[in-house]
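Work through the exercises below with the sequence and the model at hand. Each task is followed by a solution in steps.

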Amino acid sequence: MDIVAVINYKGGVGKTTVTSNIAGELAFRGKKVLLIDTDAQASLTFSFITPDEWDEDYKSHKTIKTWFDAISGGHNPRDLKEFIISPAKVNGYLSRKDTGGRIDLICSHLGLINVDLELATLLGGANLQQSKRNYIKVHGKLRRAIRDLIDEADYDIVLIDCPPNFNIVTKNAIIASEKILIPAKPDYLSTLGIDYLQRSVNDLVKEFNEYAALDEDEDEIDPSILGVLFTMIQITSGQPISAQRQFIAQTKRLGVHVMNTYFRENKTIFASAPQELIPVVLNAYSNNTHSDVVKEIEGVVREFQSLL
């Protein structure tokens, strides 16, 4: 089972669009996909279930916030599998197409943003050694929970949608992951933080592994950056406009892998998809532009799979 974190420091880069459409296409190809939404904005959650459904059925007891709340309260959380739901609309579509794939989801919660402060209170200790052990316990919690899930579930891949920051919840997601996908818009602000994100991940891995050496039950981690996937590309004459090509070239010079495929800019097609609860890549073609967008997403997923 592959475990991939999807993250960028900058918000508004199309992270949710990337995650939901990669999940949709993988499920269409017969893969069993688990999505874990750790972004307090819960955009991925509301791309598959309605706010009313979330409010009535899941908000109080079945989100990743409830799982983290147990930890910050000093308790062992319930098994991660107890928080998994199967969004009806997208899975109904996949079932009718007889793809053999499915998309399951662990919802986020708008209050997740407050969890970080509560988790931080667990990081102290009577001495340095105790503080380091507490660090491992708090930051490695999601990793251990996903490992337990692997033993019981038949997922092919887990995609973790991360918030645009580097807090304890985000660190849990990265420590739990084997690969990191960075969606980015080819502009100054969106690409500015990619180098900083790489260095932050390297520092986190170094710190976690140093502390993990004190715990015989904890293995070292080695998550690697799968690549940068550019989004909101404006096409002219079959290629990104020159202003965007400049930032793509600049990112390649950072030494990070840049995917050859991309998501193009199209507010009309992408904006309505979350409300329909079906990713764009699974929708029927309404025109030639829609067809081109779907073909491009299919290309992204082929390249994504080749990099796993």
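**Exercise 1.** In this predicted model, find the salt bridge between K132 and E210 and state which elements the pair ties together.

Solution. 
- Step 1: the side chains of K132 and E210 meet at 3.5 Å, N to O, and the cut-off for a salt bridge is within 4 Å.
- Step 2: K132 lies in helix α6 (residues 128-139) and E210 in helix α9 (residues 188-212), so the pair ties together parts that are 78 residues apart in sequence.
- Step 3: buried means under 20% relative accessible area. K132, at 14%, therefore counts as buried, whereas E210, at 46%, is partly exposed.

**Exercise 2.** How many salt bridges does a search of the whole structure find, and which parts does the pair K81 and E152 tie together?

Solution. 
- Step 1: the search of the whole structure gives 16 salt bridges.
- Step 2: one of them joins the side chains of K81 and E152, with an N to O distance of 2.6 Å.
- Step 3: K81 sits in the loop between α3 (64-72) and α4, and E152 belongs to helix α7 (residues 141-152), so this contact links parts 71 residues apart in sequence.
- Step 4: the relative accessible area of K81 is 42%, which means that K81 is partly exposed.

**Exercise 3.** Where do D98 and M232 lie, and is D98 buried or exposed?

Solution. 
- Step 1: most residues other than glycine have a negative phi.
- Step 2: D98 has a positive phi, near 55 degrees. D98 is located in the loop between α4 (88-96) and β3.
- Step 3: exposed means over 50% relative accessible area, so D98, at 67%, counts as exposed.
- Step 4: M232, which is not a glycine, also has a positive phi, of about 55 degrees. M232 is part of strand β6 (residues 224-233).

Technical notes. Residues numbered from 1 in each chain as written. Predicted model: local features only at pLDDT ≥ 70, side-chain atom pairs only at ≥ 80, totals over all residues. Heavy atoms only, no water. Helix = DSSP H or I, 4+ residues; strand = E, 2+ residues; numbered from the N terminus. Buried < 20%, exposed > 50% of the residue type's maximum accessible area, 1.4 Å probe, protein only.
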